[in-house]
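Good morning, colleagues. Please turn to the sequence and the structure on the screen; I shall speak about charged side chains, then about the sheet, and finally about the record.

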Amino acid sequence: MKELKIDAKDMDYRELNEKIHEVLDENKDLEKLVLENVVGQRFIGNGVSRKDLTIIVNGVPGGDLGMFMKGPKVVVNGNADHAPGNTMDEGFVVIHGSSGDVTGHSMRGGKVYVQGNVGYRSGIHMKEYKYKFPVLVIGGAAKDFLGEYMAGGIILNLNMDQEDSENIEGRMIATGIHGGVIYVRGIVKSSQLGIAADIKEFTEEDIEKITPYIEEFCAEFGYSDEIKEKLINSKYTKIAPISSRPFQKLYTPDLR
């Protein structure tokens with residue numbers, strides 16, 4: 001495996017990103033790029049289109065990690081700032097820590113797995129189209145407005161720091177949702193939902209749907225088979241849209 005390293009110490013985010021693209025342009029057969037001493041540099045992986053590439057980020061990347069990315073796997077050995085996976089088309093972002101607000105903002109495809117917690121409005125505007133299908137898996141807790149205006153894909157909130165019999169704390173969950181589905185491990189009350197969201201029956205088909213993501217999540221973060229089985233066999237609240245056009249009555253009628 002061909003591997004190269006970039007030391008990001010004292011680099012401005014522009015300098016670092018120019019260096020990343022320069023290295024990738026000059027090394028078409030590169031399989032792993034390791035970024036050392038990352039401290040808040042934004043836009044890492046922005047627009048990179050290489051399906052055979054893994055980018056290792058040692059440190060804490062700044063906002064919009066993997067924005068418009070198409071293909072690579074990005075592994076963050078630390079926390080991440082706001083909006084990792086912003087408008088990502090394809091690829092896989094794995095965060096060994098927590099991430100900030102709007103994690104997975106407008107994802108069109110690919111996967112974002114966060115071992116810890118995420119901030120407000122995570123999964124906002126996630127959407128799917130034809131074979132494009134975005135997935136956001138959160139190991140810890142999510143702040144308010146999870147899945148706001150969601151239009152497609154899956155959000156799986158595992159809430160691993162609490163039991164599946166406990167009430168979660170989020171508010172205004174799935175406000176304006178009109179596509180996709182959210183699975184929350186634990187109890188979500190209808191009073192915690194935003195407008196256009198509804199609690200649906202969690203079925204065997206849903207278990208089959210989320211099991212591969214739980215298995216992959218546990219493999220990525222090194223969780224035991226015991227924990228994996230516990231998560232698979234937990235109680236989940238399924239949240240989905242009331243309608244694909246929840247605000248239809250507010251639209252101006254066509255008078256033609």
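Aspartate 52 has a relative accessible area of 48%, so this residue counts as partly exposed. Please keep in mind that we are looking at a predicted model. The side chain of aspartate 52 forms a salt bridge with that of arginine 50, at 3.6 Å from N to O. Is arginine 50 buried or exposed? Arginine 50 is buried, because its relative accessibility is 13% and the cut-off for that class is under 20%.

Let me move to another pair. Arginine 108 and aspartate 89 meet through their side chains in a salt bridge of 3.5 Å, N to O. This pair connects distant parts of the chain: arginine 108 sits in the loop between β5 and β6, aspartate 89 in the loop between β4 and β5, and 19 residues separate them. With a relative accessible area of 33%, arginine 108 is partly exposed, whereas aspartate 89, at 11%, counts as buried. Both residues belong to a network of salt bridges that also links Lys51, Glu90 and Lys132.

A further salt bridge joins the side chains of arginine 14 and aspartate 12, at 3.7 Å from N to O. Here aspartate 12 is partly exposed, since its relative accessibility is 35%. How many salt bridges does the structure hold? The count is 16.

I turn now to the sheet. Eleven strands make up an open sheet with mixed pairing, and their order is β1-β2-β3-β4-β5-β6-β7-β8-β9-β11-β10. At the edges are β1, residues 3-7, and β10, residues 197-200, each of which pairs on one side only. From one strand to the next, the twist averages 15°. Strands β3, residues 54-60, and β4, residues 70-77, run parallel and are joined by five bridges. Within this pairing, threonine 54 has lysine 73 of β4 as its bridge partner. Helix α2, residues 204-221, packs on the sheet and touches several strands, including β4, β5 and β6; the direction of the helix makes about 60° with that of β6.

Finally, the record. An unreviewed UniProt entry lists a coiled-coil region at residues 6-33. In the model, that span is 50% helix and 14% strand, and its end C-alpha atoms lie 8 Å apart. UniProt, again in an unreviewed entry, places the domain "Glutamate synthase alpha subunit C-terminal" at residues 17-194. The span 17-194 is 6% helix and 29% strand, with 38 Å between its end C-alpha atoms.

Note on methods
Residues are numbered from 1 along each chain as its sequence is written. This is a predicted model: local features need pLDDT of at least 70, side-chain atom pairs count only at pLDDT 80 or more; totals for chains, interfaces and linings use all residues. Side-chain values use heavy atoms; hydrogens and water are left out. UniProt positions are given in the numbering used here, feature names are shortened, and annotations may be inferred rather than shown by experiment. Helices (H or I, at least four residues) and strands (E, at least two) are DSSP runs, numbered from the N terminus. Two strands pair if DSSP finds at least two bridges between them. Axes are lines fitted to C-alpha atoms, for helices over the stretch in contact, and angles run from 0 to 180 degrees between N-to-C directions. Contact means heavy atoms within 4.5 Å. A salt bridge is a side-chain nitrogen of Lys or Arg within 4 Å of a carboxyl oxygen of Asp or Glu. Buried means under 20% relative accessible area, exposed over 50%, partly exposed in between (1.4 Å probe, protein chains only).
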